[in-house]
Amino acid sequence: MRKGILSIAAASLLAVGSLAACGDDSGSDTGSGTDGGGKTAKIGVILPDSASSDRWETADRKYLEEAFTAAGVQYDIQNAQGDKNTFQTLADQMITNGATVLMIVNLDSGTGKAVLDKAKSQGVATIDYDRLTLGGSAEYYVSFDNEAVGKLQGEGLVKCLTAANAQKPVVAELNGSQTDNNATLFKNGYDSILQPKYDAGEYVKGPDQWVPDWDNNQAGTLFEQMLTQQKGKIDGVLAANDGLGNAVISVLKKNNLNGKVPVTGQDATVQGLQNILAGDQCMTVYKAIKQEADAAADLAIGLAKGERKSTSQTVKDPESGRDVPSVLLTPVAITKENVKDVVADGFVTKEELCTGSFAAACTQAGIS
């Protein structure tokens, strides 16, 4: 399995590497800190929050900082902490302070579009990072193939229910925020796997709800209501990320159902991986954030220097119909059998993962 992850990573890096060859034939201004017009190049990045997933602060920030520092460009990375007003204020401040490129992870498409359009009107180049802003004006979109993420989740839940020999299992779906286009794409992906099961009568479709703002506390409340509504009869849970999955697991623990009801996730967080090692979570989806950050940073640095690089992919904005030049990376399904590969890739460390009671499970999982 390790070979599989490495081969996927290599293919992705080759695709990203091809970007640098376009529109950058001299390399003479690397680290010069200016754009083509002599202005000081400065890249502003707005991350969405630190509550919905650990990744934004533990992975994305770190990898973007490393890439910008290596290129010798000025940068400012801030976190909106889930507040739309803060998001807009940060964007205004970055533009006022001379950002020549603005990279955003939108909180919703409405706020994101307003920010992107204002940046464009001020001559600031823009990039959608991880989430596409519907109706937006970003020059590029960098993310993972998010429908493929959902398909991996759906397939993972099917495998776990099959392994449990579940008969006509009732499946609950706990989706992400309805204002996040990625959450819609994830759902499209896993519903493409689960809906045929429902239609054939192999599975029973249970409660299906969106979680506002990916809020883990609300997710726990919603799932508790689902379980009560079903009189405890839920046999599998498609949770859209590890945070939502952990909220579900907390409720299952209170009802002595953890480890008996398969739960999915996404992001390969330390908590999610520990839940997998403990047998409480069925699977997660590993997205090599370093590749995503490096690809976005490469495009941002190019824009900051007045270079417009080409990409090999586009994504059609369903609202505007615009084909947005894109980089879409490949996700990987993670179960107990290949948790060690996430550690080997350096995404999490053994020290973070294998604490206390998880030490023995790490040894059993081949993490050394």
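Start at the second largest pocket: its lining divides into three nonpolar, six polar and six charged residues. Here Ala, Val, Leu, Ile, Met, Phe, Trp, Tyr, Cys and Pro count as nonpolar, Asp, Glu, Lys and Arg as charged, and the others, Gly among them, as polar. The model is predicted: local features need pLDDT of at least 70, side-chain atom pairs count only at pLDDT 80 or more, and totals for chains, interfaces and linings use all residues. Numbering runs from 1 along each chain as its sequence is written, and side-chain values use heavy atoms, with hydrogens and water left out.

**Stop 1: the second largest pocket**

Select D49, G82, L107, D213 and W214. Of the 15 lining residues, these lie nearest the centre of the second largest pocket. The volume is about 310 Å³. On a 1 Å grid over the protein atoms alone, a pocket is an open set of points with protein on both sides within 12 Å along at least five of seven lines, a cavity is a set where a 1.4 Å probe fits but cannot get out, and lining residues have an atom within 4 Å of a point. Grid points are joined across faces, edges and corners, and a volume is the space filled by probe spheres set on the points.

**Stop 2: the largest cavity**

Helices (H or I, at least four residues) and strands (E, at least two) are DSSP runs, numbered from the N terminus. The lining of the largest cavity holds three nonpolar, five polar and six charged residues.

**Stop 3: the largest pocket**

The largest pocket has a volume of about 530 Å³. Select C160, C282, M283, T335 and E337, the closest to its centre among 25 lining residues. Two elements, α5 (146-163) and β12 (332-334), each give two or more residues to the lining. α5 gives the most, with six. The lining of the largest pocket divides into 13 nonpolar, six polar and six charged residues.

**Stop 4**

Strands pair if DSSP finds at least two bridges between them. β6 (170-175) and β7 share five bridges. Zoom in on N175, opposite W210 in β7. Axes are lines fitted to C-alpha atoms, for helices over the stretch in contact, and angles run from 0 to 180 degrees between N-to-C directions.

**Stop 4: the seven-stranded sheet**

Now trace β2-β1-β3-β4-β5-β11-β10, an open sheet with mixed pairing. β2 (74-79) and β10 (313-316) each have a single partner strand, so one side of each lacks a neighbour in the sheet. The twist averages 25° from one strand to the next. Four bridges join β5 (140-144) to β11 (323-329), which run parallel. F144 sits opposite L329 in β11.

**Stop 5: a helix pair**

Finish on α3 (84-96) and α4 (109-121), packed at about 10° with axes 10 Å apart.
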